[in-house]
Amino acid sequence: MSVLLLLVGCAVGGTPARPARSGDRSAGPTGSTGSTGAGGSVAGGLDVRAENARPGAECGLTQLGPQHAVEGWLDRVSIRPGDPVRLFASTSAPSLTASVFRTGWYGGRTCRLVTTTGSLRPGLQAAPAHAPGINTISAAAWQPTATFDTSSWPPGDYLFRLDASDGNHRYVPLTVRGPGAAGRVVILNAVTTWQAYNAWGGYSLYHGLRGFADRARVVSFDRPYDYGDGAADFTGNEEPLVALAERLDLPVDYATDVDLHADPNLLDGARAVISLGHDEYYSPAMRAALTAARDRGTNIAFLGANAVYRRIRLDPSPHGSDRLETAYKVAQEDPYHGHDDAQITANWPSPPRADPESSLTGAMYQCNPVHGDMVVYRPQSWLLAGTGLTAGAHLPGLIGSEYDRVDTAYPTPRPIEVLMHSPITCRGARDHSDVSYYVTPSKAGVFDSGTSAWVCALADVCGPGARGPAVQIPITRITTTMLTAFAAGPAGDAHPAVDAIPPDDRAIAAPGEND
């Protein structure tokens, strides 16, 4: 076993968190066209085909148990192979074991067992600290439970499964990066958005114990996730794309948006970057790095809605750099207001220094919550080839709960082509959700799915109203076509965009959201 065990003593429990949802982790996407033959090996990085030839394993959770029955966090959101990573776990059970799984596509399973610890006895760790005013919740005082030797771990997205001796389970996520992005499709885990919605200890960037007014202004990565079975948005909004990309033998690499913030050269030479189902929180450094990559010819796919909407700052915590995330959302509340506007954490489309996300994504975030059908507008697009979809065809329930639309009242790259134009009603107002594709002078192609339900549809896990082959098969086909083209290099060379914008997408102000 590649793990150094550190036994710790018992302490007092923490604050209740909302329950997570369990699910079967062995099912993978259906309706794909199979291997693209693109090849999984690029010099110096992950050989996807060789990795996925290894035996798969069942990594599902069968019993979550009560809140805080077992939970944990890691002192890094991402590492390179060989970097040590420490697990901080807590449980009311006498002991637990930690099994580490790499996610991918292993002959129909989506996990491979990498290592398992022996029996660990962390007990219940200390109650979290609360910082009044900014309402930051931190478990930084927890004692480490185990330190892992990762030297044999290939790049990928990982799930630590904590198995308590009383039968309860939780996940803890980790990203393992490769040596470089050159020639690869980079799958970008949106950990800043995961943390924004994390209300473990009673506070997220959305609410506190009394609602929006006493929400946290700064959240910490030094605590467990209280949703997604401990894995936040990964299992529903991200892993279905990971499974498909590896099933297609694409030359993939993995990183988080925190890595994008820390390293402006992270995407040098990348063929494409895939932003997943909910990628909302961006620092100026993150946005600048992604824009620069696009302008050098790197394709980008935004497979969600509401991307690049919140401006954030990242600062160190006791456990390392970039582990505190600040987002005041209301400019006047930010301590930098009035004397350093460049530091303010308001929404990107809002003053001061408003910079709408549409200049990068191609579309504007509009509103939530919605639920509606996706409607085909331009079936002749290369992205819809082989789907059999015709103009006006409906993909049931695929719009929601958040959506984007092309809106020429805001900065809009041209030429831009709207592929789907779907009528919906949000907060009593009639509107449209758009799927769009544009090409830059660098020939990079940029795709925006226009809905937050795109990635979950790949594995048919979106929930009621957006289920079944009528949704999963065409979305998998479109995504396969896009990924294959994006992995080949600047998509605009083979697939130029046509400037095709519906008349009602012109000069309409986005309502956005207040929370």
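A search of the whole structure, which is a predicted model, finds three disulfides, a disulfide being a pair of cysteine sulfur atoms within 2.5 Å. With bonded cysteines counted along the chain, these disulfides follow the pattern 1-2, 3-4, 5-6. Because the model is predicted, local features need pLDDT of at least 70 and side-chain atom pairs count only at pLDDT 80 or more, while totals for chains, interfaces and linings use all residues. Residues are numbered from 1 along each chain as its sequence is written, and side-chain values use heavy atoms, with hydrogens and water left out.

**Disulfides**

- Cys59 and Cys111 are joined by a disulfide with their sulfur atoms 2.0 Å apart; this pair links distant parts of the chain, 52 residues apart, with Cys59 in the loop between helix H1 (48-52) and E2 and Cys111 in strand E6 (residues 109-116).
- Helices (H or I, at least four residues) and strands (E, at least two) are DSSP runs, numbered from the N terminus.
- Both Cys59 and Cys111 are buried, where buried means under 20% relative accessible area, exposed over 50%, and partly exposed in between (1.4 Å probe, protein chains only).
- Cys367 is joined to Cys426 by a disulfide with an S to S distance of 2.1 Å, and the torsion about this S-S bond is about -80°, so the disulfide is left-handed.
- Since Cys367 lies in strand E21 (residues 364-367) and Cys426 in strand E25 (residues 416-426), the pair ties together parts that are 59 residues apart in sequence.
- Cys367 counts as buried at 2% relative accessibility, and Cys426 counts as buried at 3%.
- Cys456 and Cys462 form a disulfide whose sulfur atoms lie 2.0 Å apart, and this link is right-handed, with 100° about the S-S bond.
- Cys456 is buried, its relative accessible area being 9%, whereas Cys462, at 24% relative accessibility, counts as partly exposed.

**Cavities**

- The count comes to three cavities of 30 Å³ or more, a cavity being a set of points, on a 1 Å grid over the protein atoms alone, where a 1.4 Å probe fits but cannot get out.
- The largest cavity holds about 160 Å³ of space, with grid points joined across faces, edges and corners and the volume taken as the space filled by probe spheres set on the points.
- The largest cavity is lined by 20 residues, of which Arg76, Val77, Pro173, Trp194 and Tyr225 are the closest to its centre; lining residues have an atom within 4 Å of a point.
- At least two residues of this lining come from each of strand E2 (70-74), strand E10 (156-164), strand E11 (169-176) and helix H2 (191-196), and E11 gives the most, with four residues.
- By class, the lining of the largest cavity has 12 nonpolar, four polar and four charged residues, where Ala, Val, Leu, Ile, Met, Phe, Trp, Tyr, Cys and Pro count as nonpolar, Asp, Glu, Lys and Arg as charged, and the others, Gly among them, as polar.

**Overall make-up**

- The protein has nine helices and 27 strands, and buried residues make up 62% of its 515 residues.
- Of the contacts (heavy atoms within 4.5 Å) with a separation of 6 or more, 77% are between residues 24 or more positions apart.
- The protein exposes about 17,200 Å², of which carbon and sulfur atoms supply 54%; accessible areas come from the Shrake-Rupley method with a 1.4 Å probe, and for residues only the protein chains shown count as cover.

Technical notes: 1 Å grid on protein atoms, 1.4 Å probe; cavity = no way out; pocket = protein on both sides within 12 Å on 5 of 7 lines; lining within 4 Å.
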